[in-house]
There are 2 protein chains.
Amino acid sequence: MKGTVLYGPGDVRFEERDEPTILAPTDAIIRISATCVCGSDLWPYRGRQAITGPTPMGHEYCGIVEDVGKAVETVKRGQFVIGSFFASDNTCPHCHAGYQTSCQHKEFVGGAQAPLLRVPLADGTLVATREVPHDDLLPGLLATSDVLGTGWFAAEAANVKPGMTVAVVGDGAVGLLGVLSAKQKGAERIIAMSRHPRRQELARAFGATDIVTERGEEGVARIKDLTRGVGADAVLECVGTQESMMQAINSTRPGGSVGYVGLPHEVELKGQELFFSHVRLHGGPAPVRQFLPELIGLVCNDKIEPGKVFDLTLPLDQVTEGYRAMDERRAIKAFLRP
Amino acid sequence: MKGTVLYGPGDVRFEERDEPTILAPTDAIIRISATCVCGSDLWPYRGRQAITGPTPMGHEYCGIVEDVGKAVETVKRGQFVIGSFFASDNTCPHCHAGYQTSCQHKEFVGGAQAPLLRVPLADGTLVATREVPHDDLLPGLLATSDVLGTGWFAAEAANVKPGMTVAVVGDGAVGLLGVLSAKQKGAERIIAMSRHPRRQELARAFGATDIVTERGEEGVARIKDLTRGVGADAVLECVGTQESMMQAINSTRPGGSVGYVGLPHEVELKGQELFFSHVRLHGGPAPVRQFLPELIGLVCNDKIEPGKVFDLTLPLDQVTEGYRAMDERRAIKAFLRP
C-alpha cells in the first residue's frame, strides 16, 4: 500500500509502505474510510519539532474493522469504528478517571494517513457506530477522532458552564471546535480571537458572539474591555506558544479557568505570575476516548456539524497538497479519502 | 508605640514608630489582641526576598476596634475583629467571585506586629465575632487570619473531596493546617511530607494518616508506592520552591489537582511537562476573607484547634526571638501578645 511519510521539514511523501499486520493479540487492523491532516502535523512539517527519522504520519481515523487479534473481544470485523491518537486499555485507574491519554498502557497510534492502520488495544481504544454510516457523516465522525475531542476537552478543562463568557485563543480547527464545544456547553458569550475572515465566519457559524482580532497584550486588553475589566470566566488555549498561553492566562478573571490543549512549544510559566493571576489551569493531551460515545451521538443525531472545519477535500494520494495548503493557511483542515 | 521593622537580612527591630491614624474614611484602627510571625516573613528576613527600605512587619491580626473612619458602616468600636493580609472592598466582581485577594481595590495590610494597626476598607475586610472571645480562643482565631485560611484555600484549590487521598508538601504551619483542612473536607487518607518529628506529630494530630520523609523525586516515588502507582487525588503545595512545586505536580494522578499557596520563589514551569502531567493547577494568595465566617465558626464551636501550630508564645517586645526561633526551625510559629 502507499502511505504518508515525513522525511524532514517540508518533505512529506506518499510512498510505498508495508501493509500493517496484527502484532499483538489485542490489535485491530482498520481499513481507513477517512483521515486528515492535523495542526500538530505541521510542527514537524515546519521543522519546529524534531523527528528521529522517516515518520509515518496521521493519527485521526475512522474506518471499517478488517481484522482483529485473538484477544479482541468487543470489536468485530465489518464494524465502523473511530479511535483516538492514543490507544488505551480503558480499564486502568487513569482510564477509569477519564484520562485515557495517560493510560498506564497507552501507545501512540501513528500512520493513519494510509489505507490501512494498526490500532493497538482495540477493545479499549475503538468505539463502533450502530451501523456503517452514510458518507455524509464521515467528516463529522472523523472530527470526533481528535480535533473535536480536543476542542471539547479544552472546554471541559476550562470548566465551561451555562451562562459563562468564554474566550478562545487560536482559530485553527481545534479553536473553532472549541467555540462549538463552548456553545454546546451553554456558554452565553463566546469571544473568538481571529484575524482571518473565513475562520471568523466559521467561528460565528459555530456560536461565536464576538470576534477579537488583536493579539498578545492588545488582545488581553480587548477581552478586558469586552468584560467590564473583569476578564473571561473561561479561556480555551488552542495554540501552544508562549504568547498564546500568556494571552489565555491574562484574559481570564481571577478564579476563572484556562483549558489548554495546544501542545506547548518552548512555553515556560513563571510561578509568581501564575500565582497572582489566580487562574485555574488544566489541559494536556485530550482524553478523546472519554468523549467519543457522546460526540458520536451528537454527530449521528445531527446536533452538531464539526465536519465544517474541513474546507479542503482531497484523495489520499494528494496528501502532500493537504500539508501545503494548511501550512500556507489556504485551508483550515484537509479531509482525505483513500 | 513600639512596632516591628525589618531593616535587612537578619536585622529585625522592635522600635518606636508613629501610632497609625485614620487616613481614609473607610479605615479602621485595631488594638491588636494577638499577632504572629508568618513563614512568608522569613523570606525577606533570610535575604531571599528584597525589601526597598525599613519595612513594618506583620500581616496576621485580630483585636478590638479602636476607631473607625466616617464612611465605615458595619464595623463598630469595641468589636473583636479578624481580617486578612489584603484589605478588600468585598463588593467588586472579583470579591463576589470569592477572590478577595484579587479585589479591584485591594491593599496590603502591613505592620501588624505592633499594638495598633490601620486596616483599610474596614467594612469589606474585617469580620467581627459575636462577642469578645475568651483568651483561650485567641490562638485559633488568630490562625484564621492567614495561616489557616491559606491551608484551607490550598485544600479548596486542590478540590479535596470526601474519600480522597491527599498529599501535603511542606510541614510549616500552612502545610500542617493544610492537613487539618483536608481532614475537615473529608479526605480519607492524608500523606504529610515531613522529616521533622515534632511536625510529624502535629500532622498526625491534625489528621495525617501517613508520613513521607523523602523529598524530590524520592518523595514522588514514595507517594506513588503508597497509591499503587497512581498518585494522589489532590496535593497541597505549601512551600513555594521549584523542588516543592515539581514534587507536588509529579505526585498527583492525571486529572488530580495541585493547590499551591506557597508564594513561588524563582519557580518556572515547563509547558510540556505540565501538559503531559494532566494535573489541574490552582492557587495564589489565599482569599482568606471568603473563608473567615466559616473558619471563625469552626474555631468558636471547638470543631478545630488550628492554634496548636503556635508552639512558642512571646510578649510582643520579644518578637525578634520569634523570628530567630522560626528561622532556626526551633519553633513552628511564634504567637505574640502586646
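Me: Which side chains meet in a salt bridge at 2.8 Å, N to O?

Reply: A salt bridge is a side-chain nitrogen of Lys or Arg within 4 Å of a carboxyl oxygen of Asp or Glu. Here the side chains of R198(A) and D311(A) form such a pair, at 2.8 Å from N to O. Please note that this is a predicted model, in which local features need pLDDT of at least 70 and side-chain atom pairs count only at pLDDT 80 or more, while totals for chains, interfaces and linings use all residues; side-chain values use heavy atoms, with hydrogens and water left out. Residues are numbered from 1 along each chain as its sequence is written, and chains are lettered from A and ligands numbered from 1 in the order in which they are written.

Me: Into which domains is chain A divided?

Reply: Domain bounds come from an automatic or database domain assignment. Chain A has domain 1 (2-146 + 287-337) and domain 2 (150-283). Their centres, taken over C-alpha atoms, are separated by 26 Å. Between domain 1 and domain 2 of chain A, the count of salt bridges is two.

Me: How is the interface between the two domains of chain A described, and what area is buried there?

Reply: The size of an interface is often given as the accessible area lost when the parts come together. Buried area is computed with a 1.4 Å probe and summed over both parts. For domain 1 and domain 2 of chain A, about 1,900 Å² is buried, with 62% given by carbon and sulfur atoms. W43(A), R329(A) and I332(A) supply 31% of the area that domain 1 buries against domain 2, more than any other three residues. Contact means heavy atoms within 4.5 Å; 24 residues of domain 1 of chain A touch 21 residues of domain 2 in this sense.

Me: What does UniProt place at residues 8-336 of chain A?

Reply: The UniProt record, an unreviewed entry, places "domain: Enoyl reductase (ER)" there. Such annotations may be inferred rather than shown by experiment. Over residues 8-336 the chain is 31% helix and 25% strand, and the end C-alpha atoms lie 21 Å apart. Helices (H or I, at least four residues) and strands (E, at least two) are DSSP runs, numbered from the N terminus.

Me: Is strand β3 of chain A mostly covered or uncovered?

Reply: Buried means under 20% relative accessible area, exposed over 50%, and partly exposed in between (1.4 Å probe, protein chains only). In β3(A), residues 28-36, eight of the nine residues are buried, and the strand is mostly covered.

Me: With which strand does β3(A) pair over seven bridges?

Reply: Strands of a sheet pair through backbone hydrogen bonds, either parallel or antiparallel. Two strands pair if DSSP finds at least two bridges between them. β3(A) pairs with β5(A), residues 61-68, in the antiparallel sense over seven bridges, and A34(A) has C62(A) as its bridge partner. With β9(A), residues 116-119, β3(A) has four antiparallel bridges; I29(A) is partnered there by R118(A). β3(A) also pairs with β19(A), residues 334-337, over two antiparallel bridges, where C36(A) has F335(A) as partner.

Me: What area do chain B and chain A bury between them?

Reply: Chain B and chain A bury about 3,300 Å², 60% of it on carbon and sulfur atoms. The contact takes 37 residues from chain B and 37 residues from chain A. Two salt bridges are counted between these chains. The side chains of E268(B) and K270(A) meet in a salt bridge at 3.3 Å, N to O.
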